[in-house]
Amino acid sequence: MKKIISISLFTAAIALIGNNVFADSVVASYTCKLKEGKTTEEVLAKNNLWVKWVRTNINKDITSELGTAIVGKQDMFIFVDTYPDLAVWAETQTVLDSDKAIELKDLFDEVSECSENKLWKFKHSN
């Protein structure tokens, strides 16, 4: 439970620090674990493929960050994906579930396993 709270706070902190980037956007966070013998560099390479594909096929403003632990369990990490709005997030999910994205199916399965995700909406404060 403490780990989940820490990851949630970390995700919220990223959003607050970069509130101009996240203004009125939607952020999806995923808590994941490296599979035995795999590295974050391997996950990052897969994530780079994913980002390139979604930017080309869905929306050029989608971003994804990989957060790794500075202290604590080194085999845990988070993805923080940012979408311009809820409509783009929904479109992305629809496309990723379709045959159009067949090349991304199981992309991360050999390197990681994600156990939890959250969807956040951020509003810019004046």
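I take two strands as paired if DSSP finds at least two bridges between them. The model I examined is predicted.

**Entry 1: pairing of β1 and β3**

I looked up which residue of β3 stands opposite Ser29, and found Val80. The strands concerned are β1, residues 26-34, and β3, residues 76-83. I noted eight bridges between them, in the antiparallel sense.

**Entry 2: the whole sheet**

I then traced the sheet beyond this pair. I recorded four strands in an open sheet, with the order β2-β3-β1-β4 and antiparallel pairing. I asked which strands stand at the edges. They are β2 (63-68) and β4 (112-121); each has a single partner strand, so one side of each is left without a neighbour in the sheet.

**Entry 3: order along the chain**

I counted four helices and four strands in the chain. Following the sequence, I wrote down the pattern α-α-β-α-β-β-α-β.

**Entry 4: helices across the sheet**

I looked up which strands helix α3 lies across. Helix α3, residues 40-57, lies across β1, β2, β3 and β4, and I noted an angle of about 165° to β2. Helix α4, residues 86-96, lies across β1, β3 and β4, and runs at about 115° to β3.

Val88, Thr92 and Val95 are buried. Why do I place them on the same side of α4? They cover an arc of only 70° around the axis, which puts them there. I noted, as background, that an α-helix has 3.6 residues a turn, so residues three or four places apart point the same way. On the other side of α4, I found Ala87 and Thr94 exposed. I also looked up what covers the buried residues of α4; the cover includes α3 and β3.

**Entry 5: the start of α4**

I inspected the start of α4 for a side-chain to backbone approach. There, a side-chain oxygen of Asp85 comes to within 3.1 Å of the backbone nitrogen of Ala87. Ala87 is also one of the exposed residues that I listed for α4.

**Entry 6: totals for the chain**

Of its 126 residues, 37% count as buried. I recorded an accessible surface of about 7900 Å², with 55% of this belonging to carbon and sulfur atoms. Among contacts between residues at least 6 apart in sequence, 77% join residues at least 24 apart.

Definitions and conventions:
Residues numbered from 1 in each chain as written. Predicted model: local features only at pLDDT ≥ 70, side-chain atom pairs only at ≥ 80, totals over all residues. Heavy atoms only, no water. Helix = DSSP H or I, 4+ residues; strand = E, 2+ residues; numbered from the N terminus. Contact = heavy atoms within 4.5 Å. Axes fitted to C-alpha atoms, helices over the stretch in contact; angles between N-to-C directions. Buried < 20%, exposed > 50% of the residue type's maximum accessible area, 1.4 Å probe, protein only. Areas by Shrake-Rupley, 256 points an atom, 1.4 Å probe, with all protein chains shown as cover. Arc of directions from axis to C-beta. Polar contact = N/O pair within 3.5 Å; in protein donor to acceptor, adjacent residues only side chain to side chain.
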